[in-house]
Amino acid sequence: YQVLRGKNKNFNTIFKIDNTIDGGDICLQNFFKLDGVELYDELRKKQAKSIVDLMLSFLKAYPKVNFKKQKGKENFNKRRKPEDGQINIHKSLKSQFNLLRISDNDRFPAFFIYKRTKFIINLKKQDE
């Protein structure tokens, strides 16, 4: 959802468990930056590295970790489904590029419907 919103700074957070969803106090947080042209596999690798770094920081600090209260109102994103990858053929490619970036070519590819026919879009970068 952050990529869809055009965000290039994405946060990971370790929460203290409580009775709410993502509502506990914040233990640790970090972020990773994107340059705006990463495709699905590259996004996931950057996210995974950032999460591993966060967990290693937690283990290094444990048990002397500090907690801080969350600010603001909780919000949730709905689970994305394969049908969320539909491209609108009446909009520009540029305006939908982030949707293409977060589509997995194998499991949930981007697609469009034209004359009642579904067309699958497999996006990859050209090798340099």
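The stops below lead from the overall outline to individual residues.

**The whole chain**

Begin with everything selected, bearing in mind that this is a predicted model. The protein contains two helices and four strands, and from the N terminus on its elements run β-β-α-α-β-β. Along the principal axes, the C-alpha atoms fill a box of roughly 60 × 35 × 20 Å. The radius of gyration is 18 Å, whereas a compact globule of 128 residues would have a value near 14 Å. Colouring by accessibility will show that buried residues make up 27% of the 128 residues. Of the contacts with a separation of 6 or more, 53% are between residues 24 or more positions apart.

**The nonpolar cores**

Which residues make up the largest nonpolar core? Select Val3, Phe32, Leu34, Leu43, Ile87, Leu99, Leu100, Ile102 and Ala110, nine residues in all. In soluble globular proteins, nonpolar side chains tend to be buried together.

Leaving aside neighbours within four places in sequence, Leu100 is in contact with Ile87, Leu93, Ala110, Ile121 and Leu123.

**Gln96**

Next, select Gln96, in the loop between H1 and helix H2 (97–101). Is Gln96 buried or exposed? Its relative accessible area is 8%, so Gln96 is buried, the limit for that class being under 20%. A polar atom of the Gln96 side chain lies 2.7 Å from the backbone nitrogen of Asn88. Beyond four places in sequence, Gln96 is in contact with Ile87, Asn88 and Lys91.

Select Phe15 in strand S1 (residues 9–15). Phe15 is partly exposed, at 29% relative accessibility. Not counting residues up to four places away in sequence, Phe15 touches Asp22, Gly24, Asp25, Ile26 and Gln70.

Phe15 and Ile51 are 36 residues apart along the chain, and their C-alpha atoms are separated by 13 Å. A further distance to draw is that from Ile51 to Gln29: these residues are 22 residues apart along the chain, with 9.5 Å between their C-alpha atoms.

**Aromatic rings**

Display the aromatic side chains. A pair of aromatic rings is described by the distance of the centres and the angle of the planes. How many aromatic pairs are there? The count comes to four. One of them joins Phe58 and Tyr62, with 5.6 Å from centre to centre and 45 degrees between the planes, a tilted arrangement. Tyr62 is exposed, at 54% relative accessibility.

Move on to Phe112 and Phe119. Their ring centres are 5.2 Å apart and their planes stand at 15 degrees, so this pair is stacked; planes under 30 degrees apart qualify for that description. Phe112 is partly exposed at 23% relative accessibility, and Phe119 is partly exposed with a relative accessible area of 34%.

Two charged side chains also deserve a selection. Lys118 lies over the face of Phe111, at 4.3 Å from the ring centre. Arg80 lies over the face of Tyr1, at 5.9 Å from the ring centre.

**Backbone geometry**

For the last stop, show the backbone atoms. Most residues other than glycine have a negative phi, and most peptide bonds are trans.

Select Tyr62 and Pro63: the peptide bond from Tyr62 to Pro63 is cis, with omega near 5 degrees. Pro63 is found in the loop between H1 and H2.

Then select Lys115, in the loop between strand S3 (110–114) and strand S4 (117–121). Lys115 is not a glycine, yet has a positive phi of about 50 degrees. Its relative accessibility is 67%, so Lys115 counts as exposed. Arg116 is found in the loop between S3 and S4 as well, and has a positive phi of about 60 degrees although it is not a glycine. With a relative accessible area of 85%, Arg116 is exposed.

Terms used
Residues numbered from 1 in each chain as written. Predicted model: local features only at pLDDT ≥ 70, side-chain atom pairs only at ≥ 80, totals over all residues. Heavy atoms only, no water. Phe/Tyr/Trp six-rings, centres within 6.5 Å; stacked < 30°, edge-to-face > 60°. Buried < 20%, exposed > 50% of the residue type's maximum accessible area, 1.4 Å probe, protein only. Lys NZ or Arg CZ within 6 Å of the ring centre and 35° of its normal. Core = buried A, V, L, I, M, F, W, Y, C linked by side-chain atoms within 4.5 Å. Contact = heavy atoms within 4.5 Å. Polar contact = N/O pair within 3.5 Å; in protein donor to acceptor, adjacent residues only side chain to side chain. Rg over C-alpha atoms; globule rule 2.2 N^0.38 Å.
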